[in-house]
Amino acid sequence: MFQARGYAVHSATTPLVPFSFTRRDTGAHDVRIEILYSGICHSDLHQARDDWRNALYPMVPGHEIVGRVVEVGSSVQKFKVGDYAGVGCMVDSCRHCSACRENLEQYCEEGATWTYNGKERGSDQLTFGGYSDQIVVEERFVVKVSADLDLKAVAPLLCAGITTYSPLRHWNVGPGQKVGVIGLGGLGHMGVKFAKALGAHVVMITTSRAKGQDASRLGADEVLVSTDSADMAAHAGSFDFLLNTIPVGHDLNPYMALLKRDRTMALVGVLTDTEPLAGVSVIFGRKAVAGSAIGGMVETQEMMDFCAEHGIVSDVEIVPIQAVNEAYERLLKNDVKYRFVIDMASLAAA
Ligand code: NAP
Ligand code: ZN
Ligand code: ZN
């Protein structure tokens with residue numbers, strides 16, 4: 001065991017504060033990473049504030065981790081000391097269920113081990129995430145990061161990136177399709193970039209008219225302001241796919257009206273309450289509402305390689321760890337363009 005430092009939250013109603021804890025030593029299959037940058041996902045906020053009613057405290061959030069490999073176990077094959085590496089939402093899974101065998105560890109039938117707010121497999125030891133100086137993870141759950149990319153803008157790819165890339169790939173988004181990305185936050189802005197890179201005609205669907213100014217820079221061909229009913233009516237029945245990233249319960253029915261027949265809206269926002277879906281919203285047009293969780297480790301590496309090939313990274317605002325509580329408040333107010341990333345070098349001053 002060694003001593004690690006980070007920021008933790010101790011209850012749903014208290015702020016993140018400096019925290020010391022222990023991590024396991026580097027095992028034969030493990031990689032020890034010095035964390036350089038850690039993104040702030042809306043899921044961090046949901047879990048810190050116990051929105052999902054499953055919080056385990058003390059909690060060190062952070063599952064968009066980029067860093068430098070500082071030690072490798074004797075059996076590690078993919079990494080050497082000095083490589084750049086990324087860790088996302090999972091650090092382990094059972095590895096033998098049908099999902100794990102199909103490289104879909106996020107759907108592990110025994111439950112994946114989450115990077116934080118979880119317990120290490122077979123033990124009561126809590127997992128602690130990326131708002132910290134170092135992390136030890138088995139190499140299957142670590143991806144290689146190209147040194148050619150801007151590292152601070154890479155961190156959000158580990159969650160916001162894969163969570164949008166995976167459904168766009170699963171529902172075969174590509175040229176000739178009109179695709180809408182709903183909600184322009186951390187996930188949504190990556191969804192726009194990926195949908196464009198995959199060749200679709202991309203519509204940014206937002207409640208914030210002002211974000212439309214960024215539309216073409218992010219890759220959108222059009223902007224649809226969802227609170228404008230005339231604009232919504234003009235786009236009715238015209239979309240081939242919708243990716244919905246809204247983080248709070250909302251009325252799904254107006255969005256379903258945007259889909260063509262036989263098409264799907266995939267939810268990635270983790271909604272704990274939502275208004276009922278009217279039968280007519282899916283029956284007339286044989287439409288579907290689906291969901292998607294992050295992506296498996298093979299697909300996460302594929303997404304990283306796709307980003308390196310297409311020069312895709314996140315639009316980030318860098319904050320020191322000391323400003324993390326303020327960043328949470330701004331995230332709640334929808335005031336981020338488009339992802340906060342903590343520069344972990346700031347931890348030394350904490
Ligand atoms: P975020 O940065 O806060 O962005 C969410 C966006 O949704 C906002 O920027 C806003 O966009 C829109 N929005 C917010 N409140 C709204 C409301 N009341 N009505 C309509 N639109 C609203 O959040 P994020 O980090 O992208 O995360 C989004 C959700 O995905 C969260 O629930 C998070 O937990 C979840 N998530 C899921 C997975 C998964 O595997 N499925 C992975 C990561 C995150 P506009 O201003 O453009 O309207
Ligand atoms: Zn996340
Ligand atoms: Zn499994």
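## Charge

The protein carries 32 positive and 41 negative side chains, and the centres of the two sets are 3 Å apart. Lys and Arg count as positive, Asp and Glu as negative; His and the chain ends are left out. Each charge is placed at NZ of Lys, CZ of Arg, CG of Asp or CD of Glu.

## Basis of the model

This is a predicted model: local features need pLDDT of at least 70, side-chain atom pairs count only at pLDDT 80 or more, and totals for chains, interfaces and linings use all residues. Residues are numbered from 1 along each chain as its sequence is written, and side-chain values use heavy atoms, without hydrogens and water.

## Fold and size

The protein has eleven helices and 17 strands (DSSP runs: H or I of at least four residues, E of at least two). Its C-alpha atoms fill a box of roughly 60 × 40 × 35 Å along the principal axes. The radius of gyration is 20 Å, which agrees with the value near 20 Å for a compact globule of 350 residues (C-alpha atoms; 2.2 Å times the number of residues to the power 0.38).

## Burial and contacts

Of the 350 residues, 56% are buried (under 20% relative accessible area, 1.4 Å probe, protein chains only). Among contacts between residues at least 6 apart in sequence, 67% join residues at least 24 apart (heavy atoms within 4.5 Å).

## Cysteines

There are zero disulfides (cysteine sulfur pairs within 2.5 Å). The sulfur of C307 lies 13 Å from the closest cysteine sulfur, in C159, so it is too far for a bond. C307 is buried, at 0% relative accessibility. C41 is buried too, at 3%.

Notes: Chains lettered and ligands numbered in written order. Buried < 20%, exposed > 50% of the residue type's maximum accessible area, 1.4 Å probe, protein only.
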